[in-house]
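Today I'm opening my notebook on a new model. I want to look up charged side chains and write down what they pair with.

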Amino acid sequence: MRTQRHRDAFSAAHCVGSVIDVNRDQTRSRLPIMNAAAFEDRPPDSSKLTPYDERHLATYLRLLDADEEGADWKEAVRIIFGLDADREAQRARIVYDSHLARARWMTQSGYRHLLHPRPH
């Protein structure tokens, strides 16, 4: 499954992504929602792994899982980023699309940067 490959690609970071529960009514209060200061509208556009990427590995996994499961993008952006897509449609779409694109980049090549030691 593609989702398993996503998880395998990120395993070097020892990152555990939260799962979006389909029974949201029962678990809504337990789902972590990022605060507005925790993310940018667009992740950095870099050919290398950035500190932003490292801080948002779990977010990327959650986006990939939601996409793989066919979740509605509006629901995913509400749960993952805490944005109301009905009130901030353009911003919510930009946040969702740009972070999902970065998450896909991570599965294709970005994860390799996690495997190389970095100077401190």
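This is a predicted model: local features need pLDDT of at least 70, side-chain atom pairs count only at pLDDT 80 or more; totals for chains, interfaces and linings use all residues.

**Entry 1: a buried Asp**

I started with Asp-53, which is buried, with a relative accessible area of 0%. I then checked where Asp-53 sits, and its place is in helix α3.

Next I asked myself which side chain joins Asp-53 in a polar contact. It's Arg-102, and the contact between the two side chains is 2.6 Å. I also listed what else touches Asp-53, skipping its neighbours within four places in sequence. Besides Arg-102, I found Lys-48, Tyr-60, Trp-105 and Met-106 in contact with Asp-53.

**Entry 2: salt bridges**

A reminder from class: side chains of opposite charge can pair when their charged atoms come close. How many salt bridges does the structure hold? I got eight. I looked up some of them one by one.

**Entry 3: Arg-91 and Asp-41**

Arg-91 pairs with Asp-41 in a salt bridge, and their closest N and O atoms are 2.8 Å apart. I wondered what this pair ties together. Arg-91 lies in helix α6 (residues 89–110), while Asp-41 is in the loop between α2 (24–27) and α3 (51–55), so the bridge ties together parts that are 50 residues apart in sequence.

Arg-91 has a relative accessible area of 26%, so I wrote it down as partly exposed. Asp-41 is at 31%, and that counts as partly exposed as well.

**Entry 4: Arg-104 and Asp-67**

Here's another salt bridge: Arg-104 with Asp-67, the closest N and O atoms being 2.8 Å apart. This pair links distant parts of the chain, with Arg-104 in helix α6 and Asp-67 in helix α4 (residues 57–68), 37 residues apart.

Are these two buried or partly exposed? Arg-104 is partly exposed, with a relative accessible area of 32%. Asp-67 also counts as partly exposed, at 24% relative accessibility.

I found the side chains of Asp-84 and Arg-87 meeting in a salt bridge, 3.1 Å from N to O. Asp-84 is partly exposed at 28% relative accessibility. Arg-87 has a relative accessible area of 71%; the cut-off for exposed is over 50%, so Arg-87 goes down as exposed.

Last, I looked for salt bridges that share partners, and they join Asp-41, Glu-88 and Arg-91 into one network.

Notes
Residues are numbered from 1 along each chain as its sequence is written. Side-chain values use heavy atoms; hydrogens and water are left out. A salt bridge is a side-chain nitrogen of Lys or Arg within 4 Å of a carboxyl oxygen of Asp or Glu. Helices (H or I, at least four residues) and strands (E, at least two) are DSSP runs, numbered from the N terminus. Buried means under 20% relative accessible area, exposed over 50%, partly exposed in between (1.4 Å probe, protein chains only). A polar contact is a pair of N or O atoms within 3.5 Å; within protein, one must be able to donate a hydrogen and the other to accept it, and residues adjacent in sequence count only if both atoms are side-chain atoms. Contact means heavy atoms within 4.5 Å.
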